[in-house]
Amino acid sequence: MHVQAVVRELRRRGAEVHLVAARVGGPVPAGLAGVQVHPLPRVSGPPGAERERSAQESAEAAGEVLAAIHAEAPLDLVYERYALWSADALAWAAGEHVPAVLEVNAPLIDEQAEHRVLVDRDRAEEVVARAAAHAASVVCVSGPVEAWVRDRLPDPGSTATRVHVVPNGVDTTTVRPPVGGRNRPAGQPLTIGFVGTLKPWHGVATLLDAVARLDRPDGTQVRIVGDGPQADALARLASELGISDRVDLVGAVDPSRMPAELARMDLAVAPYPDLPDFYFSPLKIYEYLAAGLPVLASRVGPVPQLLDHGATGVLVRPDDPAGLADALAALRDDPARRQALGRRARQVARERHDWSTVLDTIVATLPRSVGDALGGRQVA
């Protein structure tokens with residue numbers, strides 16, 4: 001979604017975009033027609049050393065692809081989303097004096113080692129250090145990610161000014177409040193919404209526990225949009241809590257359906273647990289805000305910086321189902337407050353978090369000539 005959003009915004013500015021990737025295919029997402037796709041060799045092999053070597057060989061082909069594109073028409077910018085084994089595209093850009101951005105969304109080496117398979121960690125550490133060293137600008141989605149990158153720079157002091165924190169964003173033209181607003185008739189039950197992958201670090205079990213604590217019969221429904229390895233366990237938990245009739249596990253939906261899903265919700269929740277290494281810049285919260293939803297979220301990591309407590313949403317303690325239940329009940333019983341929070345959420349999303357603003361911020365970290373090439377919208 002992040003890659004699509006950045007490419008879509010570049011296209012809106014009239015930029016010619018070439019997408020160089022090892023995995024492409026499927027229908028072209030809306031707004032991306034005209035993007036020229038250059039496939040790299042496919043990555044193959046089972047998880048482990050064989051697949052890592054295949055991924056490295058695929059990434060090494062990026063330089064040749066960029067050179068061929070550059071020979072046809074000079075590139076103004078190379079923009080890479082950090083991948084575990086990819087540094088050659090940025091090395092090529094540095095050699096050709098083409099400005100390059102390295103966007104880092106997560107500490108991938110740590111994630112790979114903890115949740116998947118990582119055999120050659122030393123090589124992965126070399127790759128991220130080399131990629132960051134060749135980039136004209138390194139943009140990280142959160143402070144913890146920025147710190148992770150800085151720890152891997154060969155000379156952090158000399159490159160400190162090239163590392164920036166630029167949080168994620170949202171397309172506010174696509175994600176909008178429902179036409180006519182959220183004027184639910186008196187007596188009609190509320191719908192509490194959650195969007196995201198069903199994995200332990202999203203805290204959905206805490207949400208279900210909180211809903212089970214709400215007074216009965218209030219009719220409140222929970223709509224969980226997303227799929228993941230916890231789906232079956234969460235269905236069993238809802239049954240054990242006696243709330244299966246109040247929980248709708250929708251499953252994964254196409255991104256094009258997300259605005260309609262958000263429009264069905266009256267308030268939205270991001271019940272993250274108390275993770276010591278919380279580094280997310282949660283796309284779900286940006287989408288909640290753009291949809292004009294009042295938001296309840298855990299007070300963890302960068303979330304308090306994103307969600308202004310009492311203005312655009314309500315912050316609660318993580319891993320506290322009783323506290324979350326109290327906050328849900330308070331908003332359930334106060335439609336005027338929900339509407340005020342939702343209006344302010346939408347306003348903040350448009351003013352601060354639209355992808356156009358995010359891209360302005362990223363471009364401002366680059367030489368002014370790049371901003372001029374992208375429609376002269378560089379922000380000082």
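A residue is called buried when its relative accessible area is under 20%, exposed when over 50%, and partly exposed in between (1.4 Å probe, protein chains only). The model is predicted, so local features need pLDDT of at least 70 and side-chain atom pairs count only at pLDDT 80 or more, while totals for chains, interfaces and linings use all residues. Residues are numbered from 1 along each chain as its sequence is written, and side-chain values use heavy atoms, with hydrogens and water left out.

**Aromatic pairs**

Rings of Phe, Tyr and Trp (its six-membered ring) pair if their centres lie within 6.5 Å; planes under 30 degrees apart count as stacked, over 60 as edge-to-face and the rest as tilted.

| Pair | Centre to centre | Angle between planes | Class |
|---|---|---|---|
| Tyr-82 and Trp-148 | 6.1 Å | 45 degrees | tilted |
| Tyr-279 and Phe-280 | 4.8 Å | 50 degrees | tilted |

Tyr-82 is buried at 5% relative accessibility, as is Trp-148 at 8%.

**Asn-168**

Asn-168 is buried, with a relative accessible area of 6%. A polar atom of its side chain lies 2.8 Å from the backbone oxygen of Ser-281. Beyond neighbours within four places in sequence, the contacts of Asn-168 (heavy atoms within 4.5 Å) include His-2, Leu-283, Tyr-286 and Trp-355.

**Helix α12**

Helices (H or I, at least four residues) and strands (E, at least two) are DSSP runs, numbered from the N terminus. Because 7 of the 8 residues of α12 (residues 283-290) are buried, this helix is largely enclosed by the rest of the structure. Tyr-286 is among the buried residues of α12.

Technical notes:
A polar contact is a pair of N or O atoms within 3.5 Å; within protein, one must be able to donate a hydrogen and the other to accept it, and residues adjacent in sequence count only if both atoms are side-chain atoms.
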